[in-house]
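This briefing walks through a single protein model, topic by topic, for a reader who wants to relate residue-level details to the overall layout. Please keep the structure open while reading.

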Amino acid sequence: MSLLVKGGTVVGPTGTRVADVLVEGEKIVAVLDPSYTPRITVNEVIDAAGKYVIPGGIDAHTHMEMPFGGTSASDTFDTGTRAAAYGGTTTIIDFAIQRTGEVVQDGLAAWHAKTAGECHIDYAFHMILGGVDADALKAMDRLVADEGITSFKLFMAYPGVFYSDDGQILRAMQAARENGALIMMHAENGIAIDVLVQQALERGETDPIYHGITRPAALEAEATNRAIALAEVAQDCPLYIVHLSASQALAKVAEARDQGRNVFAETCPQYLYLTLEDQLGAPGFEGAKWVCSTPLRSKHESHQRDLWKGLRNNDLAIVSTDHCPFCMKDQKELGLGDFSKIPNGIGGVEHRVDLVFQGVVDGQLSLERWVETIATTPARMFGLYPRKGIVQPGSDADLVIYDPNGATRIGTATHHMNMDYSAYEGVEIKGRVGTVISRGEVIVADGNYHGRKGRGKFLERGLSSYLI
Ligand code: URP
Ligand code: ZN
Ligand code: ZN
Ligand code: ZN
């Protein structure tokens with residue numbers, strides 16, 4: 001089967017040009033000047049005139065069906081990867097989990113079992129290490145060498161669940177420095193946060209907004225700084241700060257990067273658009289919809305302006321969603337009367353490509369930077385490049401035809417995620433995902449779904465292109 005995506009504006013990290021993209025089977029075989037007529041028989045032509053042709057989105061941070069707080073994230077790998085496809089994302093990197101007291105290989109096997117035959121798009125795993133001990137350190141080496149898992153998430157928060165102390169973090173970083181893995185860090189001082197949470201509950205402060213108030217920016221900055229220092233001691237082990245939300249934490253990352261350190265960070269759409277006051281502080285229990293960690297930050301401070309700036313100057317390399325949806329009914333409601341029991345997480349895997357494109361519309365980002373932060377850099381950072389993340393011959397034919405003149409209204413009535421609310425209800429997007437192609441197959445066309453579960457493949461990843 002061959003397919004020609006004709007006359008679109010192909011956007012890559014280094015520039016844009018009007019070109020035809022020729023696909024044979026699962027691969028891109030040529031990016032052609034439109035005046036050139038391919039000499040092979042083309043089975044299907046898709047007109048992309050006036051549209052952007054971009055590499056399929058890569059969401060490097062999702063949690064489908066993740067067990068958390070006595071329940072599980074409401075999107076399965078089936079529903080969540082289908083929703084991702086609708087939104088122009090053709091690869092996710094989800095987190096396999098080792099909880100404290102569990103064996104790393106068992107956690108990985110469990111995630112392979114959950115995903116087998118379920119995914120609509122390609123997928124890979126990071127591994128969460130919730131118990132760094134001698135066995136886990138050995139398992140790290142094996143995962144990097146044999147399993148295509150080259151990044152490990154550690155938590156400075158959630159004592160008793162995922163938490164690692166500084167000694168465990170240092171050991172994991174030393175191992176990563178040796179085996180070439182990337183350490184991803186949930187950087188919040190969870191020990192101090194738990195004190196603030198206890199004190200707030202004792203004062204009767206139980207509403208969702210206290211989730212944010214008890215996780216102050218200073219404790220994100222402190223943990224970020226500590227992680228950076230530990231990575232320095234581990235011979236500059238590469239470090240990737242996940243879901244960065246606060247200006248103060250960003251300043252620590254920027255300082256390390258200015259010193260030439262191997263430090264990277266991502267942010268998420270929720271931190272670029274939503275706030276402590278307007279969402280988490282919504283009346284009654286409504287704010288539970290936006291309980292996530294790190295939390296939404298105050299609109300009276302400069303966080304959002306600083307995050308956009310960080311995306312421009314590369315102190316923030318990637319926008320991922322941290323998609324971890326919980327319905328209000330029976331899930332978020334577990335925290336009625338006690339914000340600390342609200343499962344942490346926001347869903348948004350379907351909206352990332354659109355939401356970051358608003359940065360282009362608003363003059364915050366160039367077109368090239370949009371593509372770089374949602375596709376090319378995630379591929380490079382996590383060892384999927386050049387198979388993914390770029391429109392060039394030899395790469396997988398994962399393509400999104402994006403209509404900058406289209407419009408999308410986000411809401412529960414139209415989204416495809418398994419959520420009974422939307423974190424972005426009623427938001428009007430300028431732009432629209434048109435056709436989505438995954439390994440040469442049209443899986444979404446004009447809002448109609450043509451994919452199927454089980455077609456997504458597990459991707460064994462190489463080492464990060466950013467390793468020094
Ligand atoms: O609130 C969040 N972010 N839930 C998902 C787990 C995590 O820490 O990324
Ligand atoms: Zn986290
Ligand atoms: Zn800088
Ligand atoms: Zn997460």
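Why does Lys153 count as buried? The model is a predicted one, and in it Lys153 has 21 C-beta neighbours inside 10 Å, which meets the threshold of 20 or more and is therefore classed as buried. The points below place this lysine in its surroundings and then turn to the domains, the nonpolar core and the ligand.

- Lys153 sits in strand S11, which covers residues 151–155.
- According to the UniProt annotation, which belongs to an unreviewed entry, Lys153 carries the feature "modified residue: N6-carboxylysine".
- Once neighbours within four places in sequence are set aside, the contacts of Lys153 are Phe95, His126, Ile128, Met184, His186 and Val242.
- One of these contacts, His186, also belongs to the residues that surround ligand 1.

**Domains and the contact between them**
- Across the boundary, 30 residues of domain 1 are in contact with 42 residues of domain 2.
- On the side of domain 1 that touches domain 2, at least two residues come from each of strand S1 (2–12), strand S2 (15–24), strand S16 (399–409), strand S17 (428–438) and strand S18 (441–445), and S17 gives the most, with six residues.
- By residue class, that side of domain 1 consists of 17 nonpolar, 10 polar and three charged residues.

**The largest nonpolar core**
- In soluble globular proteins, nonpolar side chains tend to be buried together.
- Here the largest nonpolar core contains 152 residues, and Val53 and Ile183 are those with the most contacts inside it.
- Helix H7, residues 217–233, gives the most to this core, with eight residues, while domain 1 and domain 2 each provide at least three residues.
- Leaving out residues up to four places away in sequence, Ile183 touches Phe152, Leu154, Ala172, Met173, Ala176, Ala231, Cys237, Pro238, Leu239 and Tyr240.

**The shell around ligand 1**
- Ligand 1 is surrounded by His63, His186, His243, Cys292, Ser293, Asp322, Cys324, Asn344 and Gly345.
- In terms of residue class, this shell around ligand 1 divides into six polar residues, two nonpolar ones and one charged residue.

Methods: Residues numbered from 1 in each chain as written. Chains lettered and ligands numbered in written order. Predicted model: local features only at pLDDT ≥ 70, side-chain atom pairs only at ≥ 80, totals over all residues. Contact = placed C-beta atoms within 7 Å. Helix = DSSP H or I, 4+ residues; strand = E, 2+ residues; numbered from the N terminus. Nonpolar A, V, L, I, M, F, W, Y, C, P; charged D, E, K, R; others polar. UniProt positions renumbered as here; feature names shortened; annotations may be inferred. Buried ≥ 20, exposed ≤ 12 C-beta atoms within 10 Å, placed from the backbone. Core = buried A, V, L, I, M, F, W, Y, C linked by C-beta atoms within 7 Å. Domains from an automatic or database assignment. Near = placed C-beta within 6 Å.
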